[in-house]
Amino acid sequence: MLYNINMDMILDVHTHSVASGHHTKDTATDLAKRAAELGLKYLGIADHAPKMIGTTSVNYFRNLHFCPKNRFGVNLLYGAELNILNDRGEVDLPSDVLAGLDFTIASLHKDVFSPSTEEVNTKALINAMKNKYVNVIGHPDDPTFAVNCHSLTDAAKEYGVMLELNSVSTDLNGYRKTNLKWLIEMLVLCKQKGVHIILGSDSHGREKIADFGNSIKVLQAIDFPRELVVNYDDAKFFDILKR
């Protein structure tokens, strides 16, 4: 299966602006300009939801619908990286705000959710998937949180949620510890079950937007089906959002 990184990649929806804090001063305009230079069709900005330390407020997300939908020829999507708060899968934005966003990513972060047992961590992720406004599970391979990938992939298939292949997870020099053995196991199960994945750069600022080189190598190594990678198919991406 051939993956052309430079010519075929359509979207990256896991990026962060200055609103997320975390050591970047880049605005949405800065991110859009870089996305245009890379030839992306869609750029998603998913700033951290309010429970994350150093991020922005609920009102920021309430007002995103006023922001421009196209800059420098790039279609802009405004979402949020939600924090999963507990094993019930509750997140830190209310439903009326979630309804106004273009997409959402739900993630476990140790600053908000204390790492627990595999059973509890997995339960939290699966219950978050049951929320009709949750579209993507972010960095599910984070070794801080033990997760049962069989149960996770079954739930992703059942609820029509995309699982993320996060660029930081495949970067041996990244700020997050890598868990490649678990990640490959998850991807193999996605391949077997027909679960869609999405590549996310998790770029804080412009520098790492669509930096998917290491992720592509992992997909090539296991002959992962290109048709299950939504970054190459905007129609499939939006169809999943409509679930």
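Which residues does Asp-234 touch, not counting residues up to four places away in sequence? Select Asp-234 and show its surroundings: the residues touched are Ile-10, Leu-11, Lys-41 and Tyr-42, where contact means heavy atoms within 4.5 Å. This is a predicted model, in which local features need pLDDT of at least 70 and side-chain atom pairs count only at pLDDT 80 or more, while totals for chains, interfaces and linings use all residues. Residues are numbered from 1 along each chain as its sequence is written, and side-chain values use heavy atoms, with hydrogens and water left out.

**Stop 1: Asp-234**

Asp-234 lies in helix α9. Helices (H or I, at least four residues) and strands (E, at least two) are DSSP runs, numbered from the N terminus. The relative accessible area of Asp-234 is 17%, so it is buried; buried means under 20% relative accessible area, exposed over 50%, and partly exposed in between (1.4 Å probe, protein chains only).

**Stop 2**

On a 1 Å grid over the protein atoms alone, a pocket is an open set of points with protein on both sides within 12 Å along at least five of seven lines, a cavity is a set of points where a 1.4 Å probe fits but cannot get out, and lining residues have an atom within 4 Å of a point. Grid points are joined across faces, edges and corners, and a volume is the space filled by probe spheres set on the points. To see the lining, select Leu-98, Leu-101, Asp-102, Phe-103, Thr-104, Lys-132, Tyr-133, Asn-135, Phe-238, Leu-241, Lys-242 and Arg-243. These divide into six nonpolar, two polar and four charged residues. Here Ala, Val, Leu, Ile, Met, Phe, Trp, Tyr, Cys and Pro count as nonpolar, Asp, Glu, Lys and Arg as charged, and the others, Gly among them, as polar.

**Stop 3: helix α5**

Select residues 118-129, the twelve residues of α5. From first C-alpha to last, α5 reaches 17 Å, close to the 16 Å expected at 1.5 Å a residue; the expected span is 1.5 Å times one less than the number of residues. Its buried residues are Asn-121, Thr-122, Ala-124, Leu-125, Ile-126, Asn-127, Ala-128 and Met-129. What covers them includes β6 (136-137), α6 and β7.

Now pick Asn-127, which counts as buried at 16% relative accessibility. Leaving out residues up to four places away in sequence, Asn-127 touches Asp-87, Arg-88 and Gly-89. The C-alpha atoms of Asn-127 and Asp-87 are separated by 7.2 Å, although the residues are 40 apart along the chain.

**Stop 4**

The largest cavity has a volume of about 50 Å³. Select Leu-108, Leu-125, Gly-138, His-139, Pro-140, Asp-142, Phe-145 and Val-147 to show its lining, which divides into five nonpolar, two polar and one charged.

His-139 is found in the loop between β6 and α6 and is buried, with a relative accessible area of 4%. Its phi is near 30°, a positive value in a residue other than glycine. Most residues other than glycine have a negative phi.

**Stop 5**

In α6, select the buried residues Cys-149, Leu-152, Thr-153, Ala-155 and Ala-156. Seen down the axis, they fall within an arc of 160°, so they line one face of the helix; the arc is that of the directions from the helix axis to the C-beta atoms.

Move to α7, where Trp-182, Leu-183, Met-186, Leu-187, Leu-189 and Cys-190 are buried. They cover an arc of only 160° around the axis, which puts them on the same side of α7. They pack against α6 (149-159), β7 (162-166), β8 (197-200) and α8 (213-221). On the other side, Lys-181 and Gln-192 are exposed. Finish just after α7, at Gly-194, which takes a positive phi of about 75°.
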